[in-house]
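Me: I'd like a close look at a single part of this model. Please pick one spot and talk me through how it is put together.

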Amino acid sequence: LKKGDRVAYCMVRGSYAEAANVPAWQAVKLPEGVTDETGAAIMLKGLTARYLLKATYPVKAGQTILFHSAAGGVGLIACQWAKALGVTVIGTVGSDDKAALAKANGCAHVLNVRKDDWVKRVRELTGGMGVPVVYDSIGRDTFMSSLDCLSVRGMLVYFGNSSGAVPPFDPLILSTKGSLYLTRPTLASYARNAEELKETSDDLFATVASGKVKIAINQRFKLADARACHEALHSRATTGATVILP
């Protein structure tokens, strides 16, 4: 790195600031085809989508997967990326407006968790087999039903809990529902050093630059309005990426 380089980071606390001290290996140089705003929008969400689809459970062309919160920041990136990899995506959303957005960003099928019997629909869409993987960032409200969507030896990737933490449960349930797998990954475990971070960020930047994944920055807030930004996020009023500007 040298003075004047444009860099982005996401695993160091302290982004709501005009300046920050960041370990050099965690500052990723932004390529020419990635703007400052796009860099801010994709680091955490894009790197998360990348490790989910290519490391935690590497998806394969021809598979059908279930991705919750398909119209959210991670969801819009992951669903486009999965489609580009030849995967059929069933996405879930919480409103009809978000259903249209998810459909336009890679989802072959969109289910409204507030209205649809989405477990039944997933089974119908997969000929009764279920999906090999469910990516769930909602947590408490969807966890048990997500298990019911999995095929035998399927994997539930529980990577967030926007509805609250999952209550304790008996691991034997994983056996009775088909010898299921459960993992709770975090980005830090998939970008442990400069080499891993470079590999995953290079892949992300190349995918965005190729046009296979388009980044929607749908909300912009001033740094002074950080509270309003969080209120919008908390009320689930946002879609796509949100950036805070100096």
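Reply: What follows goes through the sheet, then one histidine, then the aromatic rings.

A heads-up: this is a predicted model, so local features need pLDDT of at least 70 and side-chain atom pairs count only at pLDDT 80 or more, while totals for chains, interfaces and linings use all residues. Residues are numbered from 1 along each chain as its sequence is written, and side-chain values use heavy atoms, with hydrogens and water left out.

The sheet is open, with six strands in the order 5-4-3-6-7-8 and parallel pairing. Strands (E, at least two residues) and helices (H or I, at least four) are DSSP runs numbered from the N terminus, and two strands pair if DSSP finds at least two bridges between them. Strand 5 (109–112) and strand 8 are at the edges with a single partner strand each, so one side of each has no neighbour in the sheet. From one strand to the next, the twist averages 15°.

Strand 4 (residues 88–93) pairs with strand 5 in the parallel sense over four bridges, and Thr 92 has Leu 111 of strand 5 as its bridge partner. Helix 3 (residues 96–103) lies across strand 4 and strand 5, at about 160° to strand 5. Helix 4 (residues 118–125) packs on the sheet too, touching strands including strand 3 and strand 6 (131–136), and its direction makes about 160° with that of strand 5. Those angles run from 0 to 180 degrees between N-to-C directions, with axes as lines fitted to C-alpha atoms, for helices over the stretch in contact; contact means heavy atoms within 4.5 Å.

Further along, strand 3 and strand 6 run parallel over two bridges, with Phe 67 opposite Tyr 135 in strand 6. Five bridges join strand 6 to strand 7, also parallel, and there Val 133 stands opposite Met 155.

Now for His 68, in the loop between strand 3 (64–67) and helix 2 (73–84). His 68 counts as buried because its relative accessibility is 0%. Its side chain makes polar contacts with those of Thr 92, at 2.8 Å, and Ser 146, at 2.9 Å. A polar contact is a pair of N or O atoms within 3.5 Å; within protein, one must be able to donate a hydrogen and the other to accept it, and residues adjacent in sequence count only if both atoms are side-chain atoms. Leaving out residues up to four places away in sequence, His 68 touches residues including Trp 118, Tyr 135 and Asp 136.

Tyr 135 brings us to the rings: ring pairs link Phe 67, Tyr 135 and Phe 159 into a cluster. Rings of Phe, Tyr and Trp (its six-membered ring) pair if their centres lie within 6.5 Å; planes under 30 degrees apart are stacked, over 60 edge-to-face, the rest tilted. By that rule there are five aromatic pairs. One is Tyr 51 with Tyr 190, stacked because the centres are 4.6 Å apart and the planes are at 10°. This pair links distant parts of the chain, 139 residues apart, with Tyr 51 in helix 1 (residues 36–56). Tyr 51 is buried at 3%, whereas Tyr 190, at 26%, is partly exposed.

Technical notes:
Buried < 20%, exposed > 50% of the residue type's maximum accessible area, 1.4 Å probe, protein only.
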